[in-house]
Amino acid sequence: MMYNLLAESARKGISKKQMSECIDVSEKTFYNKIRGYSEITLIEAQMIRDTFFPEHKIEYLFKQS
């Protein structure tokens, strides 16, 4: 689970739907990615970070816990 991503998105009021739309996948697919059931690509991680969290490092946001 990517707890840092979830915590930061909650702080900023960014929904999972907004993030899934950013990388052009369904909400279910995005849920599977943040839960670690499927992989999030580096390109997808960069797109989410650049769009919503430019102040954070990718390594922090997408750290698996």
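This is a predicted model: local features need pLDDT of at least 70, side-chain atom pairs count only at pLDDT 80 or more; totals for chains, interfaces and linings use all residues.
User: What kind of aromatic pair do Phe-52 and Phe-53 form: stacked, edge-to-face or tilted?

Analyst: The structure has 1 aromatic pair. Phe-52 and Phe-53 have their ring centres 6.1 Å apart, with 55 degrees between the planes. Planes under 30 degrees apart would count as stacked and over 60 as edge-to-face, so this pair is tilted.

User: Are Phe-52 and Phe-53 buried or exposed?

Analyst: The cut-off for buried is under 20% relative accessible area. Phe-52 comes in at 14%, while Phe-53 sits at 0%. Both values are under the cut-off, so Phe-52 counts as buried, and Phe-53 likewise counts as buried.

User: Over to helix H1. How wide is the arc that its buried residues fall within?

Analyst: Asn-4, Leu-5, Glu-8 and Ser-9 are buried in H1, which covers residues 3-12. Seen down the axis, these buried residues line one face of the helix, because they fall within an arc of 125 degrees.

User: And which residues are exposed on the other side of H1?

Analyst: The buried residues of H1 pack against H2, H3, H4 and helix H5 (58-61). On the other side of H1, the exposed residues are Ala-10 and Arg-11.

User: How many residues apart are Lys-17 and Glu-21, and why does that amount to about one helical turn?

Analyst: The side chains of Lys-17 and Glu-21 meet in a salt bridge, at 4.0 Å from N to O. An α-helix has 3.6 residues a turn, so residues three or four places apart point the same way. Lys-17 and Glu-21 both lie in helix H2 (residues 16-22), and they are separated by about one helical turn because their spacing is 4 residues.

User: Which helices does the salt bridge between Glu-44 and Lys-33 link?

Analyst: A search of the whole structure finds 5 salt bridges, and one of them joins the side chains of Glu-44 and Lys-33 at 2.9 Å, N to O. This pair links distant parts of the chain, 11 residues apart, with Glu-44 in helix H4 (residues 42-52) and Lys-33 in helix H3 (residues 27-35). Both residues are buried, and the helices they link are H4 and H3.

User: One last thing: what is phi of Asp-24 near?

Analyst: Asp-24 is found in the loop between H2 and H3, and at 70% relative accessibility Asp-24 counts as exposed. Most residues other than glycine have a negative phi. Asp-24 has a positive value though it isn't a glycine, and its phi is near 60 degrees.

Definitions and conventions
Residues are numbered from 1 along each chain as its sequence is written. Side-chain values use heavy atoms; hydrogens and water are left out. Helices (H or I, at least four residues) and strands (E, at least two) are DSSP runs, numbered from the N terminus. Buried means under 20% relative accessible area, exposed over 50%, partly exposed in between (1.4 Å probe, protein chains only). The arc is that of the directions from the helix axis to the C-beta atoms. Contact means heavy atoms within 4.5 Å. Rings of Phe, Tyr and Trp (its six-membered ring) pair if their centres lie within 6.5 Å; planes under 30 degrees apart count as stacked, over 60 as edge-to-face and the rest as tilted.
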